[in-house]
Amino acid sequence: MAIPNTLEGGRKAFRQKDWNNAYILLSSADHAHQTEPEDIRRLATAAYLTGKVSESTELWARAHHEYLENDKKRQAANCAFWLGIILFNQGEKAQGSGWMARAARLISDLSQKCVEEGLLLIPKALQHLGEGKPERAYHYFSKAGEIGEQFDNQDLITLSRLGQGQALIHQKKINKGTTLLDEAMIAVISEEISPIVAGLVYCAVIETCQKIYDLQRAQEWTAALSRWCDSQPDLVPYRGQCLVRRAEIMQLYGKWTEAMEEVHQACTLLSEATGEPAAGEAFYLQAEFHRLQGDFTEAEEDYRHASKWGRKPQPGLALLRMAQGEADTAEAAIRQAEEEQKNPIARSKILPAYIDIMLAVDDIRAAQAGAADLSEIAEEFKAPFLQAMAVRAEGKIILKKGEPQKALDKLLEGWTALKRIGASYESAKTRMLIGLAYQKLGDKDSAGIELEAARGTFQQLGATYDLSTMDSFIQYTSSDHHTHGLTSRELQVLCLVATGKTNREIGTELYISERTVDRHVSNILAKLNVPSRAAATAYAYEHDMI
């Protein structure tokens, strides 16, 4: 009686979304040759949801073949479809296409309509969406939804609404599109759909909301995704993506320490699976943190990791080159990235960096064209954050042209909007520009207040690169800012050296490698011309550096 109990226990665990126990119990029953094709499907799903992707694909294929042996072509086609989806998500496009083609052939042999006809319209619609044909994509998503309604299949209905929403957004029909995304999410949180579809919808909706800078929606659905993942501790495939999305939200709202912890976990988790698309985003975000903290070696390494995982490293890599003093390289890279991106959503990610680099190389005309483009995109998507960034860009250009009073009006408008949103880092960057405008107007008191406020936020966040940038063009009279040639990051390391922390402990606290700390300590000793860490600590106290 042990085997039937094991099989029934596995089925019960599956219904209860206890994925690890479902996998263990169903595997045991399968090894005893007690499972039916539907149990193998369950086992394939449990394997996938607990991160055993290779085993999962083998099980989906087994279920497919067993259905065929029983002359159940529709069920065999269904297995082929989901196997194709999983392979596509793992980057195995050729194999995925092969299984989709097999599913289509099996369906064509059937005399009656079925849900699988609608499911097979989804990848066709996605292909049109990827090719920049949102109208055609919307047509196929809608047809899929009609079939889903006909068979009352919530998985297909929800995938259809998700796709229709994305297609409308690509047509710049934002309100209609996001309404459909919300409707798709209601099916998810109401637990009306299967777990694999739920995970796909969660990640797609959040990614879409972030792309169009619908930050409130993205934050709300990210919180819901976190709760969904937490309710299923064994869940693996979407946990890494959940960490990335949460980290992006945390970064925007100034919770950098927590965000760095999340993104580091995401990089570790996602890089364990072949073809995981979110791994590129995770490494890119980690590279951005390293760049902003002045850890350029680690940043470059992570940008290259991001590229390896399919995420283009721009505009971050161009900004890194600019920070390293390689203006020509940065200019060439950002011009190429701007030229390549025709899609307005993708362009909106490139343009802020493009404007900054064009101003740095004194191409004001190119910066103005970029700012006009950014402003137009912001208006099209009615995105408050993007609108604020566009206003700030205009103010920065005007300041560069030597009109500080006119620039100040724009910069204050941009800062007010960014503060309202809660984007602390971008607010601080704007306050730095406001301080510079006051300086040019001769208002030293107001300039000092704004610059100190910006500096305080940068210090709180650990934005070391921005601190060093401020030091390069702002003349401080206070001894608190006498650096003795050290960069802001080196000062940060020196303060921790003075507390007696080891290099490993310093690296852990600053989220940098021990090797990087070694390099910083060597630079500190050389710049201060002292022989040891103890001597550097004594020097720092003697000269009021800490």
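**Close-up 1. Salt bridge between Asp30 and Arg62 in the predicted model.** The side chains of Asp30 and Arg62 pair with an N to O distance of 2.7 Å. Asp30 is buried, its relative accessible area being 10%, whereas Arg62 is partly exposed at 33%.

**Close-up 2. Salt bridge between Asp214 and Arg217.** The closest N and O atoms of this pair are 2.6 Å apart. Asp214 has a relative accessible area of 18% and is therefore buried, the limit being under 20%. Arg217, at 22%, counts as partly exposed.

**Close-up 3. Salt bridge between Glu379 and Lys382.** Here the N to O distance is 3.9 Å, and the pair counts because the cut-off is within 4 Å. Glu379 is partly exposed, with 41% relative accessible area; Lys382 is exposed, with 60%.

**Close-up 4. Network of salt bridges.** Glu8, Arg11, Asp39 and Arg42 are linked to one another in this network. By the rule used, the model has 37 salt bridges.

**Close-up 5. The second largest pocket.** This pocket holds about 450 Å³ of space. It is lined by 19 residues, of which Arg41, Thr45, Asp155, Ser194 and Pro195 are the closest to its centre. Helices H1 (2-15), H3 (37-49), H5 (73-89), H7 (115-119) and H12 (195-211) each give two or more residues to the lining. The largest share, four residues, comes from H3. By type, the lining has eight nonpolar, four polar and seven charged residues.

Definitions and conventions:
Residues numbered from 1 in each chain as written. Predicted model: local features only at pLDDT ≥ 70, side-chain atom pairs only at ≥ 80, totals over all residues. Heavy atoms only, no water. 1 Å grid on protein atoms, 1.4 Å probe; cavity = no way out; pocket = protein on both sides within 12 Å on 5 of 7 lines; lining within 4 Å. Points joined across faces, edges and corners; volume = space filled by probe spheres on them. Nonpolar A, V, L, I, M, F, W, Y, C, P; charged D, E, K, R; others polar. Buried < 20%, exposed > 50% of the residue type's maximum accessible area, 1.4 Å probe, protein only.
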